[in-house]
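Here is a short note for a colleague opening this entry for the first time. Please look at the charged side chains as you read.

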Amino acid sequence: MARSEARPVVTLRSTAGTGQSYVTRKSRRNDPDRLVLRKYDPVVGGHVLFREER
């Protein structure tokens, strides 16, 4: 099965500067801008904002 161009794989990097990252897929149709999610950063020990890298 081919990968969809409408749902690319993106890397989410922690805004706390710890170097922690998550990999996920997003919908370009619903989220054309950079994705920002609040996720758990184990280095900080709490939830912080993770921003999409290009």
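The points below go from the overall chain to its charged residues.

1. **Basis.** This is a predicted model, in which local features need pLDDT of at least 70, side-chain atom pairs count only at pLDDT 80 or more, and totals for chains, interfaces and linings use all residues. Residues are numbered from 1 along each chain as its sequence is written, and side-chain values use heavy atoms, with hydrogens and water left out.

2. **Fold.** The protein chain has four strands and zero helices. Its order along the sequence is β-β-β-β. Helices (H or I, at least four residues) and strands (E, at least two) are DSSP runs, numbered from the N terminus. The C-alpha trace spans about 35 × 20 × 15 Å along its principal axes.

3. **Burial and surface.** The protein chain has 54 residues, and 22% of them count as buried. Buried means under 20% relative accessible area, exposed over 50%, and partly exposed in between (1.4 Å probe, protein chains only). The chain exposes about 4,100 Å², with 46% supplied by carbon and sulfur atoms. These areas come from the Shrake-Rupley method with a 1.4 Å probe; for residues, only the protein chains shown count as cover.

4. **Contacts.** Take the contacts between residues at least 6 apart in sequence: 30% of them join residues at least 24 apart. Contact means heavy atoms within 4.5 Å.

5. Lys and Arg count as positive, Asp and Glu as negative; His and the chain ends are not counted. Each charge is placed at NZ of Lys, CZ of Arg, CG of Asp or CD of Glu.

6. **Salt bridges.** How many salt bridges are there? The count comes to two. The rule asks for a side-chain nitrogen of Lys or Arg within 4 Å of a carboxyl oxygen of Asp or Glu.

7. **Arg13 and Glu53.** These two residues form a salt bridge, with the closest N and O atoms 3.0 Å apart. The pair links distant parts of the chain: Arg13 is in strand β1 (residues 9-14) and Glu53 in strand β4 (residues 46-53), 40 residues apart. Arg13 counts as partly exposed, at 29% relative accessibility. Glu53 is also partly exposed, at 36%.

8. **Glu52 and Lys26.** A salt bridge joins these side chains too (3.0 Å, N to O). Glu52 lies in strand β4 and Lys26 in the loop between β2 and β3, so the pair ties together parts 26 residues apart in sequence. Both residues are buried. For Lys26 the relative accessible area is 6%. Beyond residues up to four places away in sequence, Lys26 touches several others, among them Ala6, Pro8, Val10, Leu35 and Glu52.

9. **Asp41.** Which strand holds Asp41? Strand β3 (residues 36-41) does. Asp41 is buried yet has no salt bridge; Arg13, the nearest side chain of opposite charge, is 9.5 Å away. Neighbours within four places in sequence aside, its contacts include Ser14, Thr18, Gln20, Val48 and Phe50. The C-alpha atoms of Asp41 and Lys26 are separated by 20 Å.

10. **Positive patch.** Arg28, Arg34, Arg51 and Arg54 form a positive surface patch. Patches are made of residues with over 30% relative accessible area and no salt bridge, with like charges joined within 9 Å. Arg34 sits in the loop between β2 (21-25) and β3. At 46% relative accessibility, Arg34 counts as partly exposed.

Technical notes. Patches are made of residues with over 30% relative accessible area and no salt bridge: like charges are joined within 9 Å, nonpolar side chains (Val, Leu, Ile, Met, Phe, Trp, Tyr) within 5 Å.
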